[in-house]
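Work through the exercises below with the sequence and the 3D view at hand. Each task is followed by a solution in steps.

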Amino acid sequence: IQKHNIIEASAGSGKTHTIKNIVLDILLKTNTELSEILVVTFTEKATGELKDRIRQTIADEIPKVINTNLKEKLTDCINNFDSASIFTIHGFCNKILKDYSFENKQNFENEIIKDIIVYKKSLNKLKREKWKNLYKENLFEILEISNYPDLSSKKSRWEELVIDIAMKYKKDDIILPQKMDDFLEYFNNLVKNIQQKHDEIVNFLGRIDTDNIKNSDFYLKYDNFTNNIKNKNTINDKSSRLNKIILPILKIINKFQNEQISLTKNYIEFIYGLASWKVFSENGFNCLVNYRGKEQPEVYEVCPFIDDLICLLTDIKNLIEEKNIKHQLLVQTVSDLKEEARIFKRENSFISFDDMLTQVEESLTDNDLVDKLRVKYKYGIVDEFQDTDSIQWNIFKKVFLESKTNKLLIIGDPKQAIYAFRGADVNTYFIAKNEMEKNNANPVNLPFNWRSTKQLIDIYNLIFNNWFSTKDEIKYIDTRYPDGNEDDRPKLISSDTTFNSLGVINLGESLASDAKFSSAKIISQEIKKLLNSNIKIRIKKEERYLKASDICILIRTGRDGKIIEKELTLQNIPFSFYKKAGLYQTDEAKHIYYLLNSIANPKDRESFFKALLTRFFEIDIDKIENYENISVDSEVKKLFLKWDYFSEKKQFSRLFQSIMEETGILYRDIKEIDGERRITNYYHILQNLENEAQKNNLDILDIVDILKSYINTNVLVEEILDLQRLETEEDKVKIITIHSSKGLEFPVVFIFGGFSKGNPKSYFKFHNAEKKLVYDLTKDDANKIIFNEEEENEEKRLFYVAITRAIFKLYIPYFEPKIKNKLGPLGTFIKNIIEETFFQENNPNVEIIKCGENLQTILQKNILKEDIVKNEDILLPERLFVEVDKSIRDKKIEILSFSSIKKEEGQKETYGNFAQKEEDTGGDEEVEKDTLPSGNRVGSMFHSILENIDFCLASQITENTSDKKFETIYSLIDKNFNDYILKYSKNLSDEKIKIYKNKILEIILNTLNTPIDKDGFKLSMLKNEDKLHEVQFYYPITQTKDIKIEEVNYKEGFLTGFIDMIFKKENKYYILDWKSNKYLTYQGENFSNRVKKEYGLQYELYSIALIRYLKSVLPDFDYDKHFGGIYYIYLRGKDVSDFTKGVFFERIDKNPIYDYEQKLFDI
């Protein structure tokens, strides 16, 4: 502590422990007070943890101290601990700006704002007010050549790129191409020169055939020069030149002659479009006469002016590439935007977090302020130093390193520098290290790993020994298992299953995309196995069995999360996302906003309709106008009146409670897969709003405004408020992005993500020889190598963090890529390390999970212990409206009961020890058993499968169970069987499950592949675009006496129901209804009469519903031309040997249908 220190703390080496002991050491061995020790870290959470640990360390030391003065000093530290100088970097800078505002020449009070908000506003101002004045009549063409706005999903990628670079760009950084001071003048000359060259090209090329460009003179001449050449390569080479060079030029000429186009833009697109063609990048336009290094003299015979054409095209290419004109508007705008944003913030007394740093750096040119800070802080301890940037380093260097008396201690790990996307720069770490070493700083390496088992530490040393590039300044030093007492070390006590330190999931040869999906399946199966085993561990002196929350899956992106989430759901494994950001960008926030806005504006018709469309009510948008004049006595109107009263009295706690409970959303959503996540978000948002209302005395309109601003990110939302909470504290597997996992540890870690490379970057970001940061918009090939190296090093650091989170066991996927390009870390350097380190020799601590060749077997195998997740049936409160949502099948069973006419009361079917009411009524009790029970869950399962299956896929299924198409269908069956049957069945044997699944597969394939009419039409012939599932009908009715069908609801003057499927065949529209009833016979007169008796009224209503729908969408609707009829398909009765079995078809004549409609609807 008498010198500057550089402390390198590898993963698990006890960094926080070291910092607290350094603080204690300074207090005990120097005359420094606690407030004179500046401790800086980079997150609020880390700051809080450091405060707690330092305080506790000082408190624990007091009884041990004999010296009275020291004891009194430490006691004062505890009593005045609030004065401890422990901050985030932004908190530290903000304190300097406030405490020394006079020296800083800054406002005494500034409002914190997000830079993104300022930059968006400033860019809009630039576009509106300055672009036209700057570029005048050239603006439109400049925008065109700059590829503005480059829209994607209604957002301008061009604007996003400008803002991204402008926010990151610092004063010493470099942007390529460099900004041109004479941009407009150069642009005007460029336009003139290209026009001149173009005119000369037109003169050379002769006649253009506007009807068929390939009949133009020059195209025909160039195409004919190989007439007498039989060399196949030459003919192919000529074809590529025709298509890539000659044809595009002729098209430009033709378009310019017939349309008003920008020549400059078209030539720029033409030139840049050739850049990726290797032949052109090596030869330029000389490739027109040079084939594979050989000149083609025949070209000159048919095109004697070809050299002149090549010269003209080369001139245009050089004009365009000389200043990279297509990027100049963006470069100019970045510069202008920085200045415009600075002015905006100054005029409005705004300050961003980045401004805090830059303003402190600038203010330290004042030596008086520097001296005051040196007196205030004798020691500076900077945690997580690998995540700093040049501005932060300049601050610490000025205050501490350049002082003769103050001391600086930096602690970090360059191997864990993973936040470059936030502006952190690992190069700053090495620059600082070199400068500190020149000032006699003491280098220290923390050698022990206190986190992981000895076996896993040995694995780490093997993996990371050759992990980092020899060109990289990062060096890996083997970490050691601590000596001494092992009672507080992690230890595997016992296990009844294989529990090696490393599990390599060998997926065999595969495409990266297939490997990702296969890996997700295997990971979920492996987790299921772990949770069904007895694995006893010791952590922090506590012995216990491994549980779900001990397991972490590390993902690379949000898309990875969705894939693994699906597989965990199929296995009924509970999971939750950790630190998932964007609470106010969720659907839940938008739905709450629309509902509260309607409450705040009770007379606004549009707001009321939007509220009805939310998940709180779920009204079909096609039927929304039916609620135009809803009765004041209706339940929903009464509810809105109650909410109006609560909001008027500012009783927001009662209002929000009523919204969650009385709309029924709490009960509905909890039953769905992601329901707990949504409910947690609802409560989190409403609690935040209630806190804001109480703190600032807001009314309902204020609450709506603040929620809208959060959703639109127009105001700063504290990070902690915008993080989605964990759904519950229940025992669940954690899904975490690798970036969010830093600083965390878990007994078992699965690596998932990194199979393929991300999308190409819009620019190259790298450091030049002078260590300056470069943003290369041109993506120059000369810079590509160093850019790729820095990208790979960033990935290596990221996966170093991922791998070192494990305490006992780590799982890493491995695959042999079929295609070698666009591979991520798992297909490149991680793959190589695994092959070189673990495939060459046996390691007792490594388990190779070989599953590539037997994947289908693994996926079909079920671990049949009691399911982890238990979803009990919940009695729903009466609905305010008919329910409509994505999981309508469950609602249909419980609310609309869409599968029977005469329910036989009390009849029950038992699966294991689970009893349920019979849904498939009309069944025959004496029916021969077909191995598959009946019941409403079985019917619901079939409906769900048929609603989600690709019909066409069924016709392509072979007996090869490893076929991907078979796997797709079987996975769907497996999921639905688990969701509807297995979840509620505790005592089903493996054999019974297998029988049931095979029978389900047989029924599905028979249904889709067996003809349903004499013409041989099969449902597997239907494309997705020719069918609609779960079609709701909903229309007013006054006559209700004749309606006795459970599948159709009558409520508040409306008749509503759902049709299983509507499909189109040969321009006619048909209704199809699935039936899973058990009958003695599924064909013949008795079968037909039974269906008519039981479902006659139903298919009349369904026919009316379809006809009404067709009338609304087909202007020329004709009953005979467009209405096909209705099919009832009895799934258990379908027989490949006889298409008539299990099929009932009816097409009612036109007049009876119209007569019944008039009677029913009183029209």
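**Exercise 1. Charges over rings**

Task: Find the ring under the charged end of Arg-1090 and give the distance from its centre.

Solution. The charged end of Arg-1090 sits over the ring of Tyr-1079, 4.0 Å from its centre. The rule asks that NZ of Lys or CZ of Arg be within 6 Å of the ring centre and within 35 degrees of the ring normal. Arg-422 gives a further case: its charged end lies over the ring of Tyr-419, at 4.5 Å from the centre.

Before going on, note that the model is predicted: local features need pLDDT of at least 70, side-chain atom pairs count only at pLDDT 80 or more, and totals for chains, interfaces and linings use all residues. Residues are numbered from 1 along each chain as its sequence is written, and side-chain values use heavy atoms, with hydrogens and water left out.

**Exercise 2. A sheet and its edges**

Task: Give the strand order of the open sheet that contains S7, and name its edge strands.

Solution. Step one is the order: the three strands run S7-S25-S24, with mixed pairing. Strands (E, at least two residues) and helices (H or I, at least four) are DSSP runs numbered from the N terminus, and two strands pair if DSSP finds at least two bridges between them. Step two is the edges: S7 (174-176) and S24 (764-767) each pair on one side only. Step three is the pairing of S7 with S25 (residues 773-776): the two run parallel and are joined by three bridges. Leu-176, for its part, has Asp-776 in S25 as bridge partner.

**Exercise 3. Positive phi**

Task: Decide whether Glu-384 is buried or exposed, and do likewise for Lys-541.

Solution. Most residues other than glycine have a negative phi. Glu-384, not a glycine, has a positive phi of about 50°, and its place is the loop between strand S11 (379-382) and helix H19 (390-401). Its relative accessible area is 16%, so Glu-384 is buried. Buried means under 20% relative accessible area, exposed over 50%, and partly exposed in between (1.4 Å probe, protein chains only). Lys-541 has a positive phi of about 70° and lies in the loop between strand S16 (535-539) and strand S17 (542-545). Lys-541 counts as exposed because its relative accessibility is 60%.

**Exercise 4. Aromatic pairs**

Task: Explain why Phe-764 and Phe-787 count as a stacked pair.

Solution. Rings of Phe, Tyr and Trp (its six-membered ring) pair if their centres lie within 6.5 Å; planes under 30 degrees apart count as stacked, over 60 as edge-to-face and the rest as tilted. The count by this rule is 58 aromatic pairs. For Phe-764 and Phe-787 the centres are 4.4 Å apart and the planes at 20°, so the pair is stacked. Phe-764 is in S24 and Phe-787 in helix H33 (residues 781-803), 23 residues apart, so that the pair links distant parts of the chain. Phe-764 is buried at 5% relative accessibility, and Phe-787 is buried at 7%.
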